[in-house]
Amino acid sequence: MSLLEVNDVYSGYGKVEVLFGISFKIEPGKSLGIVGPNGVGKSTLLKTIVGEIQPKSGAISLNGIEILGKGPEDIVRLGLCLVPEGRQIFGGLSVAENLQLGLTGRQDKSTSKKALDKVKEIFPVLTSHAKHQAGMLSGGQQQQLAIARALIADPKILLLDEPSLGLSPTVIKDVFDQLKSIISNGTSVIIVEQRAHLVTSFADETLIMRNGKIQARITPEDAKDELKLKHAYFGSDN
Amino acid sequence: MIQAILDAISLGGTYALAALGLGLVFGVMRLVNFAHAELITISAYILVVTNDLPLLVSFIIAAVVTTLLAVAMELLIYRRLRGTGPAIMLIASFGLSVLLQRVYELIFGALPKSAAIAPWMSGEVKVAGASVTISSIATVVITIVILLIAGYLIERTSLGLQLRAAAIDFKTARLLGVRSNRLIAAAFAISGVLAAIVGFIVVVENPQVSPMYGVNITILALVGIVIGGISSLRGSALGGFMVGVILSLLNTFLGNARVYAYSWLFLLVLIILLVRPGGIMSKANEMERV
Amino acid sequence: MEKIKNISGITRFSLTELFGPILIITAASCLIGFSSASLMLTVQFALCYFVMVLALQVFVGNSGVLSFGHGAFAMLGAFVSGLLTAPVRIKNNALSMTDLLQSIADIQVNLYLSLLIAAIVGGVVAGITGVFLMRLNGLAAGIATFALLGVAYNFFFNNTKFGPGSQALPGVPKFQNLFIPLLLALVALVLVYLLNVSSIGRTLRATREDNLAAPALGINIIRVRRIAFALSGALAGLAGAMYSHVAGTVQVQDYYLGFTFLTLSMLVIGGSGSIWGALVGTLLVISVGQVLLMMEQGKAIFGLSIDLPNGARAIFIAATLVVALLWRSSGVTNGKEFAFPNFKKKSN
């Protein structure tokens, strides 16, 4: 039994089908990348996993528990947390309040204080800005806040949708370094990225999506082969 | 003069409480609950028909019934309409409002029901040399206390934080574990309690309760919300307060033309909506984003 | 695109879609109207409501933007037509109109002309207010139009120079027969149908607003909405005027919240997406209301006599609206236009 198992999922919006038979697994403490050009269904896949949209068919289980048909608020409590695209922090609320909100989905409330401290340790910048409006933070700080907010719920698995969006290369590096330490603490991470090179060398395994299907599965070893990568990503037919 | 100022403040405070109740529900589900009027009405009706009981007991019964009705609205009707779009929800709340009015008419009759509630409140006391009614002082005190409690609840508690977050972005709030059904039911319950208090305040001043008793105050509270900014609770309450004060002032200074006070108020609303759809407390065009 | 196609029934001109409703209205009006004098009155009122619901359909149904303000245009139409046609003698002597402006008291025009003027006034006022209001959408539009209704009601309720204030305007001439209101309703129906199948109607429905998070409005959409708002204001003015000539009086309360609620209910119950929905909704609400009214009065229906307490009718209509919304928020007709029943295959 894997931590997260996605089995033959078909999903979409209304009559429009987007995903056609997606399957993958991820083990504890591992990282998985999902890459592909705009519009191949990466975000739809994430929304389906977190329960924002209901799939047409297939199965998704977390720690052996079937999560299909559950809403996002219940899935968080089972240990799966999404850092949404564009971060979606509450700009009008303070940094501390944003973190506080992260506690909502936490199961073990007795250790809330400890979790807050631990997160502040990983992201020291959040302590110094605790009283500030979250909207005043820089893009990189906002991304850190969004990740911190998700971590406070104590997820077994963290999903990130386009974490590099709008960030400068140095900040991106910082964010990925922090993700590395999160993974080494035993949390699994799934990163969805349009910019493939960021994840292919980073993640233990990377899925390349095209037209709602998984086109290829590559390891960091494969990623060194530029040509192979390009073929998989852009989908030349030979 | 002191009486006039107290009247303005107490009217403002009353509308602020009504606006807060409407604003809470709007925040979490983008619904303008016209039937809030019928929550205020039922509270007033119950206070009138249970007038023989001690005031506190009578009020507790009113508050419980009003809150239950508010939660029932959500569970039986609004919950099932979630996701149909604001126009449908608005019409449904309009329909529910009319439905409840007719039910009240069937139960309590079309003619006003009346009782002297807390008659001691209509007495007068001397304040700074001028005599003012006890009820206006009581109203001011009650509204200040309730607004402080509501302020604490919204600004300092976890429930309040969730309510504010959900009002900004419900989708993300759910991703963080905010339970939508419970939170919305809680918002309705709080708005029910607020409506019960508003019912109490107005029924002391005007004990002639008829099926459409709460409509006027609800429409004016709505006006206040629009003026103050529907996307923020603070703006809603402040807007409600302003409407009460403006209305008091118009009534004092318009003289014979005071019958047109509502027209001026509605025109003000139209102008504010056109210039600043998110209310005067907001940055321009905030409404577009809600 | 899939979604938009499903919302709207009408895409191009079809004789069935137009003449189906025309036949049904004509047949129902004549059959029911000529069966008794009281039902004749009911049918006449129903035709007024139908014109009002059509007015709402043109704008609210097509654009998806909510308007509570059409009651204001109907009110205006009723006051214009009522004041223009009431006899000079009555206007100068009635107790309720001692403050009436002399110039208004001394005018009297013919019924048909006054109906036309009422429609034009409704259209012009809607056109002017629409210039500003159509910049709003979603909730802001709902509240703003509600404010418009509030201003109109507050003005006419208190003003005794341009009307009887809170009292009734007496002596408004009534329609002499069923055919005038019937003809007016049919004209309105054809006009609305032609607009709905025109490029204006299609643009309106293509940009239908189903949620608050509608994208920023393009200038072209605003222009199209303004045109539809003006036209629907004219129809609302006509409907209000017709109502005054059926009731034989004008009273401001008749065009306020109850009227707004009833006509919006008809549209939503029937299905706001089509004129067929407007017709079905009007028919349904009126006939259910009529049956319940007869029960309240203790009359036997099909030999059955069920006693209902007074007020049951109003409860039932409001409850029907709420239940209809819960059951199917797109209305009984699901927004589709009239079609002959097709047993061969289920259309999708």
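Colleague: Which residues does Ser263(B) touch, not counting residues up to four places away in sequence?

Modeller: Contact means heavy atoms within 4.5 Å. In this predicted model, Ser263(B) touches Val151(C), Asn154(C) and Phe155(C), leaving out residues up to four places away in sequence. Local features here need pLDDT of at least 70, side-chain atom pairs count only at pLDDT 80 or more, and totals for chains, interfaces and linings use all residues. Residues are numbered from 1 along each chain as its sequence is written, with chains lettered from A in the order in which they are written.

Colleague: Is Ser263(B) buried or exposed?

Modeller: Buried means under 20% relative accessible area, exposed over 50%, partly exposed in between (1.4 Å probe, protein chains only). Ser263(B) has a relative accessible area of 8%, so it is buried.

Colleague: What is the mean pLDDT of chain B?

Modeller: pLDDT is the predictor's confidence in each residue, from 0 to 100. For chain B the mean is 89, and 96% of its residues reach 70 or more. Over residues 284–290 of chain B, though, pLDDT is below 50.

Colleague: In what sense do β6(A) and β7(A) pair?

Modeller: Strands of a sheet pair through backbone hydrogen bonds, either parallel or antiparallel. Strands are DSSP runs (E, at least two residues), numbered from the N terminus, and two of them pair if DSSP finds at least two bridges between them. β6 (residues 80–83) of chain A pairs with β7 (residues 157–161) of chain A in the parallel sense, over four bridges. Leu82(A) has Leu159(A) in β7(A) as its bridge partner.

How values were computed: Side-chain values use heavy atoms; hydrogens and water are left out.
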